[in-house]
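This briefing is meant to be read alongside the sequence and the three-dimensional view. Please keep both open while going through the points below.

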Amino acid sequence: MTVTKPAPSPRPAPEYALLHYSIHYYDTAGLRLRRHGLSLSRVGTSWQLDRGDGRGCRVEAPESDQVPHELRRLVRAYSRDLELTPVTGPCTGRLTRDAVPVDTARATVLGYLETQIEALARADLAVRLGEPEGVRDLRAAASRLRAALWTFAPVLGGRRLVRGLCASLRRLGASVGSAQDTEVQRCRFLRRLGELPDEAVLGPVRADGRRHFAVAAAESAAECAEALDSHRYLQLLNAFEVFGAVLREQPRSDQRKAALKPAGVVLPGLVWTVVTETDARLEAAFAGSAPNVHAVRKSAKRLRYALEAAAGALPFVPDRVLAECRAVQDLLGEHRDAVVAREQLRALASAATEAGRPAETYELLITTEALAAQECLAALPAAWETLRRGLEPMRA
């Protein structure tokens, strides 16, 4: 069985092929692929997955009505492991549900959650196809879902209701995120090494680093694949589907008052709680002699995603504030990358010393990363103060 991926814009089978083979289309009984703009077809021994965006992949397999395992695995986030059987006709576009009013706080948040669940499924397919941005996009979708669930829990039924979903998303992000972290650190190591003069690079530093990150990348890729193929992941996707359906169909008399109020009345106040949390964590981080900004980074990320989710309900145009929020996040992300890089470099230095090789190059890089981390911390209070001023209109 041969797999070609990802293929360019799928082309119809040549006319001479259609003389001998007819085109067969496959989907679940509920047309789950078609509902999301995907089309799965077979012409003879050639199977084609069309993603609806001009891209896809092709699989050659023995002529059979059974969808090849490779394709079943690729569409798992859409099919949910339901049987793929012949259906009538091709996908003619994404099937959509009737429009739902989004004026209430709950409807606005549910609409955002559905958008991010769709983004999660698209990123899942990209990861399985080996596309470079797939892991980053999947991790971001999981983070956005967590942030929205936790921040807007009062309009979704309370934090007890969303706690399990948040925990599952945290595990998913950790399982798939190590692949992205490894690639970031590999590129960072090679860039820092390239900034040193040749005479400062002592021993097989570049080769040792590449070997170290190759091993880490293989382990991360295996962990990511295991997470996406797990039953727990499928349970999470199904849980979101049930969660959304139940909340949308819940009688108004059973909903909390906050859920029924206009989004512009409720959501800014909920976002402001994240602002005050970030404020407190930043103050606590700088109160000690050794600032710990991990909690600040988590709050800042949740703040950015909460601002995105509530963008249409905020008392200001969010573009400038989101840019300032990204600037704060960039500082915190750079600080974290520098801290992680120092840990990696210490491990490499230790290994070099044990092998009887010079470790001076690693020590130079460790000093460079320490300075980078300090610069981020020095710039952080001013960047946060600029952002906080822009957020003031949300304050009750």
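Arg170 is partly exposed, because its relative accessible area of 46% falls between the 20% limit under which a residue counts as buried and the 50% limit over which a residue counts as exposed. The model is a predicted one, and the points below are grouped by topic.

**Overall make-up**
- The chain contains 15 helices and six strands, and its C-alpha trace spans about 70 × 60 × 35 Å along the principal axes.
- Of the 396 residues in the chain, 45% are buried.

- Although 153 residues separate Val184 from Asp337 in sequence, the C-alpha atoms of Val184 and Asp337 are 8.1 Å apart in space.

**The S4–S5 hairpin**
- Strand S4 (residues 46–50) and strand S5 (residues 56–60) run antiparallel and are joined by five bridges, with Asp50 standing opposite Gly56 of S5.
- The two strands S4 and S5 form a hairpin that has five residues between them, and in the turn Gly52 has a positive phi of about 80 degrees.

Conventions. Residues numbered from 1 in each chain as written. Predicted model: local features only at pLDDT ≥ 70, side-chain atom pairs only at ≥ 80, totals over all residues. Heavy atoms only, no water. Buried < 20%, exposed > 50% of the residue type's maximum accessible area, 1.4 Å probe, protein only. Pairing = 2+ DSSP bridges. Helix = DSSP H or I, 4+ residues; strand = E, 2+ residues; numbered from the N terminus.
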